[in-house]
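The following exercises ask the reader to work through a protein structure step by step. Each task is followed by a worked solution.

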Amino acid sequence: GMIDAVIATRLASLRGLKQGKSEAAEPEPVEPVSDGVVTKTLAELTPTTAAMVRLQQLTGMRPGEVCRMRADEIDRRGEIWIYSPSRHKTKHRGKSRIIPLGPKCQEILIPLLIGVTGFVFLPSQALE
């Protein structure tokens, strides 16, 4: 509602710029945060939030995946647990997402999974 519908249609039909094919400046690559910064940050976080960050650091999970992690999506039958999120970035493309959870991840998760069948991380836990 902020611009004319004709302009919106024209903008939607534009093709994106291709890398190296225009005079537009190329963005700097986004690098991962150093382990030192993560370690310093963990000391300032609540235990629940710190557990979430440590899991991301160990697994490469996206923030949304760790936030939506559910106990019933973790297969704990083997030596390496498997987390298969029901929602993930490439699901709409028919791709599956399998996240192995080794001993360090299990150590983080075991106390959080006691008596839990739904979401592993709850906002109320993070505030406590």
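**Exercise 1. Determine which backbone atom the side chain of Tyr83 reaches, and describe the surroundings of Tyr83.**

Solution. 

Step 1. The side chain of Tyr83 comes to 2.8 Å from the backbone oxygen of Glu65. This is a polar contact, that is, a pair of N or O atoms within 3.5 Å; within protein, one must be able to donate a hydrogen and the other to accept it, and residues adjacent in sequence count only if both atoms are side-chain atoms.

Step 2. The model is a predicted one, in which local features need pLDDT of at least 70 and side-chain atom pairs count only at pLDDT 80 or more, while totals for chains, interfaces and linings use all residues. Residues are numbered from 1 along each chain as its sequence is written, and side-chain values use heavy atoms, with hydrogens and water left out.

Step 3. Tyr83 belongs to strand β2. Helices (H or I, at least four residues) and strands (E, at least two) are DSSP runs, numbered from the N terminus.

Step 4. Tyr83 is buried because its relative accessibility is 0%. Buried means under 20% relative accessible area, exposed over 50%, and partly exposed in between (1.4 Å probe, protein chains only).

Step 5. Setting aside neighbours within four places in sequence, the contacts of Tyr83 include Met61, Glu65, Met69, Ile74, Ile98 and Leu101. Contact means heavy atoms within 4.5 Å. Tyr83 and Ile98 are 15 residues apart along the chain, and their C-alpha atoms are separated by 6.0 Å.

**Exercise 2. Decide whether Glu65 is buried or exposed, and find the backbone atom that its side chain reaches.**

Solution. 

Step 1. Glu65 is part of helix α4, which covers residues 63-67.

Step 2. The relative accessible area of Glu65 is 2%, so Glu65 is buried.

Step 3. The side chain of Glu65 reaches the backbone nitrogen of Arg62 at 2.8 Å. As stated above, the backbone oxygen of Glu65 is in turn reached by the side chain of Tyr83.

**Exercise 3. Classify the packing of α3 with α5 and of α2 with α3.**

Solution. 

Step 1. The axes of α3 and α5 are 10 Å apart, at an angle of about 155°. Axes are lines fitted to C-alpha atoms, for helices over the stretch in contact, and angles run from 0 to 180 degrees between N-to-C directions.

Step 2. α3 is therefore roughly antiparallel to α5. Angles under 35 degrees count as roughly parallel, over 145 as roughly antiparallel, 65 to 115 as roughly perpendicular and the rest as oblique.

Step 3. The residues of α3 that meet α5 include Ala51 and Leu55; among their counterparts in α5 are Ile108 and Leu112. Ala51 is buried at 4% relative accessibility, and its C-alpha atom is 9.3 Å from that of Leu112, 61 residues away in sequence.

Step 4. Helix α2 (residues 35-42) and α3 have axes that come within 10 Å and cross at roughly 160°. α2 is thus roughly antiparallel to α3. Asp35, Val38 and Leu42 of α2 make the contact with Ala50, Val53, Arg54 and Gln57 of α3.

**Exercise 4. State how many residues the largest nonpolar core has, and which element gives the largest share.**

Solution. 

Step 1. The largest nonpolar core has 19 residues. Such a core is a set of buried Ala, Val, Leu, Ile, Met, Phe, Trp, Tyr and Cys residues joined through side-chain atoms within 4.5 Å.

Step 2. α5 provides the largest share of this core, 5 residues.

Step 3. Leu55 is among the residues with the most contacts inside the core. Leaving aside neighbours within four places in sequence, the contacts of Leu55 include Met69, Leu109 and Phe121.
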